[in-house]
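Reader: Hi! I'm new to this one, could you walk me through it?
Author: Happy to, here it is.

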Amino acid sequence: MPIQLCLLVPLADGETVRQSLIQSQALNQDFVPTRVGDDLALPIYREHLCEEMEAMYRTEHIEIKQSPASMNPHLRMRDAILPMIQSNEMLVQTIPKKWERLGDLILFPKEAFRGPEWEVVLSEKNDIFQRIAEALNAKRIGRQQPILNDEMRSSQVELLHGDDGWVEVKDNGLVYGFDATKVMYSSGNVTERHRMASLETDDEVIIDAYAGIGYYTMQLLVHTNAKHVHACEINPNSIRGLDWAAKQNDVESRLTIHPQDNLVTLREMEGCADRILLGYLPSSEPTWRPSVHALKQRGGTLHIHMNVEEERIDAWEEETIRTCLGYAKELNRKWKVQSSRIEKVKWYAPRIRHVVLDVSFSSINTAS
């Protein structure tokens, strides 16, 4: 049997972790998960494994069986395509082995099925994506495109098979809905979404300054005792998904959607919030000042997302806290740092980390 890198998790956690690995494209489905004592060995792609998952469980190279063709989705897809490409070895080598599944929609990487030889095949075999969908037990096929460099980070998914891009995704006991051709969905942020679900937010008023379709908003509303969440979102396509999810998850009464520039909303809510989420990349810095002003007089917590060079993370944390204390001083708020910690979500690029700084402030005159 071949030796493959695996993540070993307790059997009780096996299915939950397997689903998380699928969402983050870290599960190597060319091989069969195998029981090893009281653990389940899940074959993985290390480059897609988030740091939190690697820290929580151990990894080992172990002998593991290859998936049979009937179970291996890549082999099923290859078998469906082979007759249509006449076993062209170059094309066989470029059949994608990784993709993202969003409900019944399969999203291939942007380079999949590209090039002059693929163009010839696709022009002659116009049912190829239908066959791929059948092989992968899906109804629709799409191809990723670069995210637009606009203020809404709009998706540019190209739909190759199917009528529309609306998908519904279940995650951690709740459901999201969105049009994948118009809205970005980040499967790789699963650990951060679930971390939001575990926060102690009893009776808190929370602002999600970059709500999107409700990645973090829904986790807070469904799984914590937050009093109310104010969700800021300017993209009408994201607002559609956010409103849909609120109804489906039965949390409408505790949610207010602000369909405007978040800088306007944050100014309007000065002194109102116990906690603010600043989940925007590569940098949420334009909203730091109004977010500090939107926290209550006695202080509160910011969750600041940022892309930072690995070697600069500690220095960036200190600089950011110092900057936020400076903004508090503008309002004559005498704050101290009650607590701070860095969450390393994932690698964004070589040497660049997506990190989240959790920093809580309190009044110097308030007992900790």
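Author: Let's start with a term: a charge sits over a ring if NZ of Lys or CZ of Arg is within 6 Å of the ring centre and within 35 degrees of the ring normal. The charged end of Arg353 does this with the ring of Trp347, at 3.8 Å from its centre. Lys98 has its charged end over the ring of Tyr45, 4.1 Å from the centre.

Reader: Before we go on, what kind of model is this?
Author: This is a predicted model, where local features need pLDDT of at least 70 and side-chain atom pairs count only at pLDDT 80 or more, while totals for chains, interfaces and linings use all residues. Residues are numbered from 1 along each chain as its sequence is written, and side-chain values use heavy atoms, with hydrogens and water left out.

Reader: Thanks! How many aromatic pairs are there?
Author: The structure holds eleven. Rings of Phe, Tyr and Trp (its six-membered ring) pair if their centres lie within 6.5 Å; planes under 30 degrees apart count as stacked, over 60 as edge-to-face and the rest as tilted. One of the pairs is Phe108 with Phe113, which is edge-to-face, with 5.2 Å between centres and 85 degrees between the planes.

Reader: And Phe108, buried or exposed?
Author: Phe108 counts as buried because its relative accessibility is 1%. The cut-offs are under 20% relative accessible area for buried and over 50% for exposed, with partly exposed in between (1.4 Å probe, protein chains only). Phe113 is buried too, at 4%.

Reader: How do Phe178 and Tyr185 pair up?
Author: They are stacked, 5.0 Å centre to centre with 10 degrees between the planes. Phe178 is buried at 0% relative accessible area, and Tyr185 is buried at 9%.

Reader: Which residues do ring pairs link into a cluster?
Author: Trp99, Phe108, Phe113, Trp118 and Phe129.

Reader: New topic: where is Pro73 found?
Author: Pro73 is in helix H3, residues 73–85; helices (H or I, at least four residues) and strands (E, at least two) are DSSP runs, numbered from the N terminus. Pro73 is buried, with a relative accessible area of 9%. Leaving out residues up to four places away in sequence, Pro73 touches Gln29, Trp99 and Leu136, where contact means heavy atoms within 4.5 Å.
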